[in-house]
Amino acid sequence: MIRYIRRAAALCLLLLVALLVNAARVMLVEAGELDANPANRRTAIARWSEPRGDVVVDGKPVTGSRDSGQQLRWERTYRRGPLYAPVTGYASQTYGTTMIEHAEDPLLSGADPMLAPLPLWNDLTRGRSPGGDVVTTIRAPMQEAAYRGLDGKRGAVVALEPSSGRILTLVSSPSYEPGVLSGTGPDVKDAWTRLTTSPNQPMLNRALRQTYPPGSTFKIVTAAAALDAGVVRDVDAPTDTPDPFVLPGTRQVLPNAARGCEDASLAYALQWSCNTVMAGLGVDVGLEVMAETAERFGFDDTTLRVPSWVARSNFDHDMSPDQLALSSIGQFNTTATPLQMAMVAAAVANTGEIARPYLVDRTTTSGGTTVDRTPRRSHRQAMSPSTALQLQRLMVKAVEEGTGANAAIPGARVGGKTGTAQHGLGNTGTPYAWFIAWAQAEDSGRPAVAVAVVVEDAEASRTDISGGGSAAPIARDVMREALRLEAESRGAPGPRGGPAATASPPVPAVPRGAPGTRPSAAPAPAASRGAPAVPRGAPGGRERTRAED
Amino acid sequence: MTAPRGTDAPPDAPPPGVRVPKRRGVELVLLLGAVLISVCGYAEVGLAHDGAVPPDAARYGAGLGLLALLAHLAVRFRAPYADPLLLPIALLLNGLGLVLIYRLDLETPRDQAATTQLVWSTLGVALFIVVVVLLRDHRALRGYAYVSVAAALALMILPIFFPAVNGARIWIRIGGLSFQPGEFAKILLAVFFAAYLSANLSALAYAGRRIWRFQFPTWRVLGPIVAIWLLSVGVLVLERDLGTSLLFFGLFVIMLYVATGRTGWIAIGLLLAAAGAFLIGSVEPHVHSRVEDWLDPYASIRAGDGPGQLAQSLFAFAAGGMLGAGLGMGHSVLIGFAAKSDFILATAGEELGLVGLTALFLLYALFVARGYRAGLSLRDPFGRLLAVGLASIVALQVFVIAGGVMGLIPLTGMAMPFLAQGGSSVVTNWVIVALLVRVSDSARAPQPEASDTGEPARVEAGR
């Protein structure tokens with residue numbers, strides 16, 4: 001019997017070995033595959049187990065986190081969600097992430113290895129760093145002015161600092177409250193259905209992802225091409241353009257909204273927006289140079305990230321002369337995002353150079369230590385400096401005594417260009433009102449802001465829509481805020497040389513945001529995650545007091 | 001493997017006159033270690049979950065320590081030569097089970113099971129003490145073979161008259177308490193098998209017809225045992241408790257093999273089992289779905305219905321990896337239903353990792369090995385068969401449920417011994433420990449002491 005007992009024991013040993021081998025198979029060999037299975041909730045649970053890092057605008061977080069008590073514990077909250085939705089995007093436990101929430105997700109969620117105190121630290125401890133913060137370049141007063149200006153109308157506003165490429169304003173209207181998508185459950189699903197099926201497309205980021213025919217604002221590009229190519233040598237010399245202008249190779253007559261355009265000079269044509277002159281110049285410049293110039297301004301670029309991706313603005317490379325003529329005045333297949341047109345204005349303001357636009361100033365750990373800072377980078381040289389200076393003069397004239405008079409700001413040098421873009425089948429759609437502009441304080445060495453405004457404005461009557469009427473006042477309000485903020489920050493450095501001499505950006509980099517906040521706004525602790533916000537706000541408060549003295 | 005001097009003399013049997021160490025001190029130290037490990041686990045769960053040691057950790061430790069002390073005293077006075085490992089291993093597994101259930105209770109505030117489990121554990125230890133104290137010699141059980149089998153059948157048939165719970169008719173509900181009588185039946189069946197087989201050893205081994213190369217015992221000997229086995233398995237199939245059914249079958253085959261040494265029977269038994277399993281697996285919808293799940297645990301994910309229980313269990317094990325997430329840091333509660341009972345091992349796997357799981361398996365293996373060792377050391381066939389049978393119950397049960405929740409074999413509902421939530425299981429397992437302690441005491445006790453038990457030392461005939 002002993003022998004049989006031993007054999008039975010051997011069977012038990014065999015069972016034990018089978019269990020151990022199988023355990024190693026499941027827990028080691030197949031573990032990676034099982035961990036990555038999308039049905040395995042552990043990844044999501046870990047991801048939402050801690051409060052997400054915050055997106056910071058002007059020193060104050062515009063996001064927060066709420067303990068939902070659910071399995072996915074911390075849900076995203078937003079302060080003034082609709083205002084900043086085009087910047088932040090949403091971070092939904094059901095529908096993923098967009099915009100900065102998407103582009104900076106590893107940092108915000110704490111997965112970024114740069115957040116760990118030591119390399120491989122999180123791998124060793126199987127832990128997760130607290131989410132880091134994303135400090136944006138957005139200036140709250142400008143953002144608010146733009147949002148107020150659009151007033152729920154369909155449209156978008158983008159403002160850049162021409163010298164650095166910092167995106168100061170990014171507004172899309174109508175907007176939405178991203179917080180309603182944060183959690184899970186039927187309410188979130190309902191909100192998603194409501195938002196995605198709304199005819200107003202509130203979740204469309206019109207500033208970055210919607211392209212519009214730029215209309216007459218594109219004439220700046222055409223003018224730059226004509227000047228750089230030497231087609232026009234003297235902006236004040238009359239051009240040889242008939243009015244009415246028949247599109248080459250067709251019998252179609254190009255209409256003018258302005259008067260006195262026959263043989264008008266480039267200066268006059270930009271000031272009063274003569275279609276005929278600019279279409280003629282475009283044809284004279286030729287398809288190749290026009291397309292090349294458009295590319296130098298940033299058209300046909302699919303690679304731009306700010307860090308959210310930006311839709312491609314289009315200028316066709318294969319057109320007949322009549323199509324080229326239409327394209328040269330921003331019609332036909334020419335389309336542009338509002339960001340692209342802000343870059344056009346910024347190119348003029350920054351003497352021909354476009355600084356790469358960016359939205360994230362820097363990223364920090366939850367404790368406030370800087371993880372990464374976006375450096376200023378040159379993006380394109382759109383035109384020669386002398387061309388840019390000439391265009392500056394012409395754009396100023398368009399505001400002083402031209403179509404853009406509504407954008408004038410007392411005490412500042414403002415250059416602008418209106419646009420009214422036809423679109424739709426047979427140009428029957430409600431036209432888009434455009435305005436692009438830049439502004440420079442009289443006592444400043446360089447323009448502080450470049451802005452592009454587009455208003456779809458489906459509700460207004462057709463005759464009211466024009467760049468000068470609908471869009472220019474919004475651009476003016478945004479630029480006025482920009483100039484005010486710039487003046488405030490220029491006051492701060494004090495005796496360190498004149499404004500023209502200092503190469504520092506108008507916003508001091510160290511105490512982020514605080515000098516820019518309105519004098520009345522105290523540096524309040526963050527809504528939901530007070531700890532990181534207080535040290536960031538506190539030195540700023542001191543800084544501001546000194547600035548006011 | 002060959003027995004010395006051509007006989008079945010137990011290797012551990014001490015030569016007469018040599019003083020055998022009792023090793024009760026070793027047992028006490030190991031018990032202390034088991035209590036400490038359990039209390040540490042309890043504290044760790046609290047620290048990981050709430051950042052503080054649970055307020056009743058000291059009380060929990062004191063309670064467990066008191067149980068250990070009482071059990072130890074019972075063994076010290078009534079079974080002084082018992083194997084010193086059996087009781088500490090059982091207590092450690094029970095303590096860890098309580099920790100794991102407490103840990104899962106934190107995730108399910110509306111379903112608290114740890115306190116009930118502690119009450120059942122106390123009851124189990126009490127029963128352990130009662131058995132150790134009252135049962136002076138395991139051979140006394142031999143006289144109750146037919147009482148045992150009658151009781152076992154009655155216990156198995158009883159739940160048919162009670163409503164089904166979760167698809168299986170294995171529960172008796174009286175008041176707020178539910179009891180699974182089939183759990184207790186397995187001890188009774190082991191006692192019956194051991195008694196019957198030991199009484200008919202020679203008839204089973206040597207008499208009967210020879211068919212082809214296999215020698216079969218006469219129907220007069222084999223008939224009752226097969227009948228009772230078929231009856232018990234039939235009842236279980238009716239009750240849809242297939243895990244226990246599998247366990248009984250394995251127990252029957254192992255004990256028959258150990259008693260007779262007929263390999264051919266094992267082959268026939270396995271063939272029968274395979275045929276039966278295939279038949280039931282393809283006919284019975286409940287079992288069929290289990291087999292489908294086993295073949296492809298992720299089918300429900302692809303079908304868009306989310307992961308099933310087995311997939312969730314595998315996710316939990318995978319999340320554990322080598323070192324585990326740490327007690328209280330896993331998410332095995334995602335398994336949902338039966339996370340504290342059938343799937344308790346997934347929590348151990350996720351939070352203790354492969355290392356912790358291996359330690360658990362080795363504890364079980366050690367426990368089973370000590371049972372087998374007692375069987376080897378004993379002189380009487382009944383005791384041998386009983387020890388092997390009881391140890392095999394634990395071994396098979398661990399394999400069936402651990403293999404089931406880890407995708408090695410189709411999942412059949414069964415409790416992980418000592419770890420899983422379930423009162424009847426815990427109580428039954430403590431009785432198994434008590435019987436093994438008693439048997440091992442007989443195995444190691446010097447011969448003169450054995451004659452003190454009141455029964456004259458038997459001289460086995462026919463050996």
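Mentor: Start with residues 461-465 of chain A, where the pLDDT stays under 50; pLDDT is the predictor's confidence in each residue, from 0 to 100. Beyond four places in sequence, the model has 9 contacts for residues 461-465 of chain A, a contact being two residues whose C-beta atoms, placed from the backbone, lie within 7 Å. Residues 492-549 of chain A also have a pLDDT below 50, and this stretch makes 95 contacts in the model beyond near neighbours in sequence.

This is a predicted model: local features need pLDDT of at least 70 and side-chain atom pairs count only at pLDDT 80 or more, while totals for chains, interfaces and linings use all residues. Residues are numbered from 1 along each chain as its sequence is written, and chains are lettered from A and ligands numbered from 1 in the order in which they are written.

For chain A as a whole, the pLDDT averages 81, and 86% of the residues score at least 70. Chain A has 19 helices and 18 strands; these are DSSP runs, numbered from the N terminus (helices: H or I, at least four residues; strands: E, at least two).

UniProt, in an unreviewed entry, lists residues 1-23 of chain A as "signal peptide"; its positions are given in the numbering used here, feature names are shortened, and annotations may be inferred rather than shown by experiment. Residues 1-23 of chain A are 96% helix and 0% strand, with the end C-alpha atoms 33 Å apart.

Chain A also meets a partner: 31 residues of chain A are in contact with 43 residues of chain B. On the side of chain A that touches chain B, α1, α2 (31-36) and α3 (42-47) of chain A each give two or more residues. Of these, α1(A) gives the most, with 19 residues.

Finally, the fold of chain A. Of its 549 residues, 55% are buried (20 or more other C-beta atoms within 10 Å of a residue's own, C-beta atoms being placed from the backbone; exposed is 12 or fewer, partly exposed in between). Among the contacts in chain A with a separation of 6 or more, 70% join residues 24 or more positions apart.
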